[in-house]
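Please look at the sequence and the structure first; I shall then take you through them.

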Amino acid sequence: MAERTFVEEVKKLRLGEGETFQGEGILAVTKALLQSGVAYVGGYQGAPISHLMDVLHDAQHILEELGVHFENNASEAAAAAMLAASVNYPLRGAVAWKSTVGTNVASDALANLASGGVTGGALIIVGEDYGDGSSIMQERTHAFAMKSQIWLLDPRPNLPSIVKAVEKGFELSEASHTPVMLELRIRACHVHGRFQTQANRSPSFTIDDALANPVRDTSRIVLPPASFQHEHEKVNTRWPAAVNFIKEHGLNETFPGDHADIGLILQGGLYNTVIRGLERLGLADTFGNSRIPLHVLNVTYPLVNDELEAFCSDKRAVLMIEEGQPDYLEQALASILRRADIDTRLHGKDVLPKAGEYNGQVMLKGLRGFLAAVAPTLLPQPEALPTPDEQAPTLPPRPPGFCTGCPERPIFTAMKLVERELGPRHVSCDIGCHLFSILPPFNIGNTTMGYGLGASAASAFHGSKGGRAISVMGDGGFWHNGLTNGVANAVYNGDDDVLLIVDNFYSAATGGQDLPSSRAENPIRRTNIPIEQAVKGVGVKWIRVIDHTYDVQRMKATLTEALTTREKGPKVIIAQSECMLNLQRREKPKVRQALKEGKRTVRQRFGVDSDTCTGDHSCIRISGCPSLSIRPNPDPLREHPVAHVDNTCVGCGLCGEAAHAAVLCPSFYRADVISHPNRWDRLLHRWRQGIIQRLQAWREKRLAPLPPSAHLSGETHA
Amino acid sequence: MPDVTTAKRPITLAIMAMGGQGGGVLSDWIVHLAESNGYLAQATSVPGVAQRTGATIYYLELFPEAEAERAGQAPVLALMPSPGDVDIVLAAEFMEAGRALERGLVTPDRTTVIASSHRVYGITEKSAMGNGILDPEPVREQLRQHAQHFIEFDMEATAHRQGSVISAVLFGALAGSHTLPFPREAFENAIRDGGIGVSASLRAFDESYQQAQDAEPHSAPSDTTSVNEATPPKAELAELVALKAEIDSRFPEPVRPVVHEGVLRLIHYQDIPYAREYLELLQLRMAGIQAHLDHSVLRELARHLALWMSYEDTIRVADLKIRCDRLARVRNEVKAEPDQIVYTAEYMHPRVEEICDTLPTGLGRWVMRTGWVRRPLARMTQRGRRISPQRLRGFLLLLTVASLRRWRRKTLRYCDERQRIIAWLAAVDRALAISPEVALEVIKAQGLVKGYGDTHRRGLASFTTVMEAFERFGEAPDAAARLHQLRDAALADEKGETLQRSVGEWKPETSMAADDSRIAVKQI
């Protein structure tokens, strides 16, 4: 069950002709797919695409009514391969993933798909995770489009444009027998806006129709001689067809301006930032009416030579605004202008940065640079920039980390304790929440090579005679490809290292989607397939399952055993505990309900005794829990802040276990708070307290009586 | 051609929050508020991995629908905040307002900053071995300078008072700041339409709305640690009165509060004679210090001596866990209602070392030396224990340990600590003869010794290294600075690597690994 439920939002997918949709970009894409008569959809989750997968999952009933098949593909490669259904049949299909990581994984299938070409419209929606807030390597999907000749749409980031891109994308795909990519930047996926809807359409040709009349055409299969033919088809037939379609349907947009001797050429996705930049220079209004002509490339591949030549021919200079590197578009434009013998001056990455996101500030500076070079009279007086004379205050870095009560944290606490005893190891990390181990306070991990590749990335160390390397893999990565690439490969190659599989019941980092090994019953998917059996099935002999990761001592002992045992072959530890975000989301409402009904409930949370805490913060360095914080020391004689557990504590027990395992200090306590105690609770409590209080009174009378001291009576200071 | 001079510009808002602070909810409220009141709203965010505890920015632009209709065109709204282009910055934590400042989003011509003054410490602030808390004052200072309006109050406290969340308080403050063209009721309706936690959110909204209107930025954090003003002892505590009089007559005024606190602590720790001993040890050094007329040296000595003399042993811990006021403090800490019952489980891990420390000196040393006794004991104490002082068994166990305090002076730990204290005081005397600055460093080195188990062992090793350094170059002209540097180095990392590097050419004689018998788990 995903982190966010879209049950409410899904209702918007039913909007009919001429109604107004208000909501998130990615939901608008889903609606556009249904309006386009899509026959099948699939993909793999990952920000910013996760919400699309979650929406589709929650929209199962609507999809069923329309006769649309929805698949949670095992990986992006699997999703891309699914588009094979559009090769022989006039089926419209769409898949989605995070790019470029997902496109990397999918590229084998994509290249095959693009080579043979498609009959039905094939649309690939890629969430371009680039720039601020991105969690992956900074690359461009553009390169994949170019190498496989897949057309790339980069629409203006408003809902009507995005919806239109989906609809036209299918048509373009069909007109040119080529798969089409729709690139959405991360903010465009999450943008809240509105558009006028149309009625949903059932696919005119369904997957049932296809299976009832199988079509076979060897000329579409990538095998010689067809594969050689495909290459010629691509450049001689499909490409011109695409260019014609783009021109005919006006997919790219040209906006006039009174300073007609210069112009801007830009990727559609950057349109809003460019307009804001011009607006701040006094060269456009809020509605996008610009005084400098704009040519907006809503299709960034292929480029339409005629359109570009026409735009540039009457201009002294143009600026190509292209985010990311290499500067494919700028190079292409230079070549177009050169061949057409048009001597318009071309600016681009000479005034704009070569790398990095083009945010508002960067864009403004780039536009200024361009104007300064070609039309300085248009520039307003430079704004008085804030004087940078003062020193910027020091701010605390806030790297992402494990959530409060995360079951993965104790695994790394144990690893850190083992490291102290057995020395540091090479740790090969994977993709997933567990990758936060590389950040403070754990600082564990050497490399990460891709989703499900944690174990594979340690392959070179198989041959070592020395200490064992440790690799980490999540359940998401395991089912994505880790079972074969990691585990089976390790068995086959006689690996002697340690593989730690973190099984938190979900694909947690992408938003808590279900997996084959999820424990929850999912109405439309089959779950509860144990990782342990899969690992056994590929021949691992040494397997340890820890079904409660919070037991740091056990975790530590198991890791130590795995690192020191004489047994050969891969050592697989499966550490299982449910993702705390999901657990809390499920359990919290139940507890709230029970409290409301006056039922006896026990809430557990942890605390730190400020009078025994000495302010060393060892506990924080081996845990890093957000609820474990610090506060000023109430003891007037001490200086360093004391540890402190705030009320967001979910009582996972790690801090206590860690205090035990690392022999830290006696300051941690677990408080069991009993609400609506029953009669027996109250009786027992009264009896116990009766005796204990008497003993306490007797004792403290015998000790030297003291005036109450602030720190000993626990009054804390702000 | 566009009339670019009189064109209406959108209202721009940036919400600076951390994952889990409800920035998304706040953003949804603002969108709903705008859309229900004749505005077009565009909101974006970059959740990604930032949703887990990292810093996140939500960005919104609002534009009057009527204006768009008049133009017959939809406005083009930006998807990210730019320096000089932000009207309102909402910060759910104080240093996050600083982050807006750092990004240049706060400009005097237009930006209203609405920030909660509370702090959520970053991981580097929390995990420092000493005090790693960053100073918020420079941020406050610059916000005051750069923001057009600056509204600041403790929103966490307001949220807590009303049983709500900080997003509701920020929303209330936004309404109270009158920076958006919507009436108060419109804001409240947005909360109602949201449908989750409505009544608590409305309460928080209401209080915050008021606070925002009369919130003046803090001058400085008003409540600093209030050093316990020596409460007049009750009449019957004749001995305490006498001690107090003694302190007043013998110690200079600025030092008295600390000495008094030290005396109280040691009575609490052991007994009145022990406190007298403390005073005597201090007085012995008064002459040397007074010669320098430097109260900070004496004050620090009084502080550190009291701390060392009240070292944390099992007796002390057991005692603190069974004090009358303890349970009340825990109940307050976990926010228990009067009708709820609270039991605690104390996580304790007495190892063979701690047990021996509590034995009479000779016996303790013998056990530590004698493998066939120590090893089985070590095995028995390998796992930690959870003890509940609210249950009879746990209480009696702790009571028994706490009662050992009458024999504390005979224990192995006392003997060890006493030797160390004497040696340290001797070093202090020697340092006093050199200069007050060097003496201050020798005194402050005591602060390195803290914690329990391995932490204590590590601290002691660092302390020993600094003391050794003092013996080596204490008379050098830059000795104080170098000692200070070593003390900082000792707090830089856990493994003591920085300290090892800092000592340079000479290696300290006592390394941590030398004390093999005290390593909890042996290398396999």
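**Cores, a sheet and a chain contact**

Leaving aside neighbours within four places in sequence, L170(B) is in contact with L26(B), L90(B), A92(B), I114(B) and M155(B); contact here means that C-beta atoms, placed from the backbone, lie within 7 Å.

A word on conventions. This is a predicted model, in which local features need pLDDT of at least 70 and side-chain atom pairs count only at pLDDT 80 or more, while totals for chains, interfaces and linings use all residues. Residues are numbered from 1 along each chain as its sequence is written, and chains are lettered from A and ligands numbered from 1 in the order in which they are written.

L170(B) belongs to the largest nonpolar core, of 290 residues, and is among those with the most contacts inside it, together with W151(A), M16(B), V89(B) and A97(B). Such a core is a set of buried Ala, Val, Leu, Ile, Met, Phe, Trp, Tyr and Cys residues joined through C-beta atoms within 7 Å, where buried requires 20 or more other C-beta atoms within 10 Å of a residue's own. Helix α7 of chain B, residues 166-176, supplies the largest share of this core, eight residues. Helices (H or I, at least four residues) and strands (E, at least two) are DSSP runs, numbered from the N terminus. Another core, of 52 residues, lies apart and includes L301(B) and V442(B).

Let us turn to chain A. Its six-stranded open sheet is parallel, with the order β16-β15-β17-β18-β20-β19; strands pair if DSSP finds at least two bridges between them. Why is one side of β16 (447-448) and of β19 (542-546) of chain A left without a neighbour in the sheet? Both stand at the edges with a single partner strand each, so that side has no neighbour there. Strands β17 (residues 470-474) and β18 (residues 498-503) of chain A are joined by five bridges in the parallel sense, and M473(A) has I501(A) in β18(A) as its bridge partner.

Finally, the contact between the chains. How many residues does each chain contribute? Chain B gives 124 residues and chain A gives 110 residues. On the side of chain B that touches chain A, strand β7 (residues 341-348) of chain B provides the largest share, eight residues. Strand β24 (residues 668-675) of chain A runs antiparallel to β7(B), with six bridges joining them; in β7(B), E346(B) is the bridge partner of Y669(A).

How values were computed:
Buried ≥ 20, exposed ≤ 12 C-beta atoms within 10 Å, placed from the backbone. Contact = placed C-beta atoms within 7 Å.
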